[in-house]
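Work through the exercises below with the sequence and structure at hand. Each task is followed by a worked solution.

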Amino acid sequence: MSADGLREVLDGQSEAYTSGDIGKFLAHWSDDATAFPSSAKSPLVGLAKVSKWIRSNAQVPQYTMSVLKEEIGEDIAYQFCRYRGANRNSAGQRAKFSGYLTRILRRDQSGSWKIVHAAWKDDE
């Protein structure tokens with residue numbers, strides 16, 4: 001199975017995130033998505049909750065993600081990724097961040113890959 005469609009999701013998300021186009025970033029998520037950000041106290045269930053969390057944490061002018069491992073089936077795939085970025089902290093100073101992300105993607109009826117679950121942990 002080709003990884004081309006998955007690479008488009010990865011590249012599209014990174015580009016959308018750094019450009020501030022959060023709508024485009026969220027277009028890669030399924031309606032029934034779940035997420036477990038490292039700073040969340042409980043999982044986010046449903047695109048509305050995922051969207052709210054991402055929009056409140058989306059001021060990231062620099063962001064890259066690389067796939068360390070992936071498995072691709074006919075309609076489902078998973079990726080283990082490393083991410084790095086930088087944003088501004090509450091004092092307005094540049095703050096770097098990095099961590100690891102695991103996500104599960106499902107091919108929808110149109111053939112596009114959508115994120116159905118993601119969990120990440122920032123480095124300390």
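**Exercise 1: Glu-70**

Locate Glu-70 and state whether the residue is buried or exposed.

Step 1. Glu-70 sits in strand E3, residues 62–72 (strands, E, are DSSP runs of at least two residues, numbered from the N terminus). Numbering starts from 1 along each chain as its sequence is written. This is a predicted model, in which local features need pLDDT of at least 70 and side-chain atom pairs pLDDT 80 or more, while totals for chains, interfaces and linings use all residues; side-chain values use heavy atoms, without hydrogens and water.

Step 2. Glu-70 counts as buried because its relative accessibility is 19% (buried is under 20% relative accessible area, exposed over 50%, partly exposed in between, with a 1.4 Å probe and protein chains only).

**Exercise 2: salt bridges**

Find how many salt bridges the whole structure has, and describe the pairs.

Step 1. The search gives three (a side-chain nitrogen of Lys or Arg within 4 Å of a carboxyl oxygen of Asp or Glu).

Step 2. Glu-15 pairs with Lys-24, with 3.6 Å between the closest N and O atoms. Lys-24 is partly exposed, at 38%.

Step 3. In the pair Asp-32 and Arg-106, the closest N and O atoms are 2.9 Å apart. Asp-32 belongs to strand E1 (residues 29–36) and Arg-106 to strand E5, so the pair ties together parts 74 residues apart in sequence.

Step 4. Arg-82 and Asp-123 approach to 2.8 Å between their closest N and O atoms. Arg-82 is in strand E4 and Asp-123 in the segment after E6, 41 residues apart. Arg-82 is buried at 13%, whereas Asp-123 is partly exposed at 33%.

Methods
Helices (H or I, at least four residues) and strands (E, at least two) are DSSP runs, numbered from the N terminus.
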